[in-house]
Amino acid sequence: MELLKRETLPGLRTGITVRTKLVSIAQVAHRDKEAKFCSLAYLMNKNTLKESFNRLNGSASAGIDKETKESYKKNLDENLNNLVIKLKKGSFRPQAVKRLYINKVGSNKMRPLGIPILEDKIVQGALVIILQSIYEEDFLPISFGFRPEKSCHDALKNLSDNIMTKKVNYVVDADISGFFDHVNHEWMMKFLKLRISDSKILALIKRFLKAGTMEKGNFKETPEGVPQGGSLSPLLANIYLHYTLDLWFTKVVTKHCKGECYITRYADDSVTCFQYDNDAKIYYEALKGRLAKFGLSIAEEKTKTIEFGRYAKERLNRRGIKKPETFDFLEFTHYCSKSRNGNFKLKWKTASKKFHAKVNDFNKWIKENRNLPLDLIWKKVNLKLRGHYNYYGVSDNWNNLVKYKRQIVKSMLYWLQKRSQRTSLNWDKMSKLLKHYPLENPKPKSLVNLNPIYV
């Protein structure tokens, strides 16, 4: 368990540590899949809240109360003591979430983002610490989003294993339309009650769901959805999709398919693999009905069924089609190719929309920061490059890493030329700068190998 890797918290009145109690809860949850936990609220104590506070990002934006981690820390013990009292009395009320909008990659639309106040973040974090001990024992191996030690690369490896080593000929790339905005609160509470019977914990979660949003000074109720931004929302989303999609697929869909079928889910994005075309078509129609039952719907324009896999190219060639379609998952384009030995190989490259969005974001950043000292600019650029390489540095994506760095250098040259009217920076001088202030290079040996087998 992830929780075991953290420092053990001080004990409860019984002398049993919080961490020990969480391990005990996890063991019961693992052993008995129908067990209900009726006593959890007492774990929302000062020590759990303090651990939650320590996990908070100090540079995160403040909510509507403008309280920051640094300001709250000045009277941390007193603030946490008061928070514990409110939780015990049942008088704690989450505040409205500050609603902001950020650019949505590859679209003119804006993505809504919620920023809770600091105390709400602390309480949400404490709830996550407690609830994870239960639900990490329930979640299936095909679920990867926002879970301890379950990264995007792990999801990609799982999908790669399905496509490259199993009987996969068709892929359904499904996207749920506005998932976080349309989670049904009644169903959410029903799902939670399957495992939790502690009325205080259930009431606390319901208050967070109903807290509402504050946008430009105007309050708006939230009859549905979970606001993106708080630490509790991803866990609730996983619980919701565990019951609506994961269990349904593994217990119902797999039994009705004539051939093999597999699913990989990361948050609300999923890719489903099938052996037979008819199974894929039936699943797609059934999925729409299944989601509709729980207040959700498929984004038709983003969902498609394609012929894909080991024999896709040969079958398509016989019908006069040159090559299989591609699909995007977790910001990577997946496409059929061959290894050096001529064997089938799934390959990856940075999704075009994401690549251009990243370049545009950097262009905007360097434009706004071009007058900083050069050594500081280079330091920040290297951090950005390193972060890009760490995520997009996967098998077969080397050329896109090099291409990205090339675009970054071009953008730097363009905007550094505009530092002043007297600047005469050209490629020769830029080359000298790059020797004096070297930029981070992608390293072939550090590429993450997503291949499940040696090809």
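Biologist: Which residue forms a salt bridge with Asp-277?
Modeller: This is a predicted model, where local features need pLDDT of at least 70, side-chain atom pairs count only at pLDDT 80 or more, and totals for chains, interfaces and linings use all residues. Residues are numbered from 1 along each chain as its sequence is written, and side-chain values use heavy atoms, with hydrogens and water left out. A salt bridge needs a side-chain nitrogen of Lys or Arg within 4 Å of a carboxyl oxygen of Asp or Glu. With the closest N and O atoms 3.3 Å apart, the partner of Asp-277 is Lys-281.

Biologist: Where do Asp-277 and Lys-281 lie?
Modeller: They are four residues apart, about one turn of the helix. Helices are DSSP runs (H or I, at least four residues), numbered from the N terminus. Both residues lie in helix H10.

Biologist: Is Glu-440 buried or exposed?
Modeller: Glu-440 and Arg-386 meet in a salt bridge at 3.2 Å, N to O. Buried means under 20% relative accessible area, exposed over 50%, partly exposed in between (1.4 Å probe, protein chains only). Arg-386, at 34%, counts as partly exposed. At 19%, Glu-440 counts as buried.

Technical notes:
Helix = DSSP H or I, 4+ residues; strand = E, 2+ residues; numbered from the N terminus.
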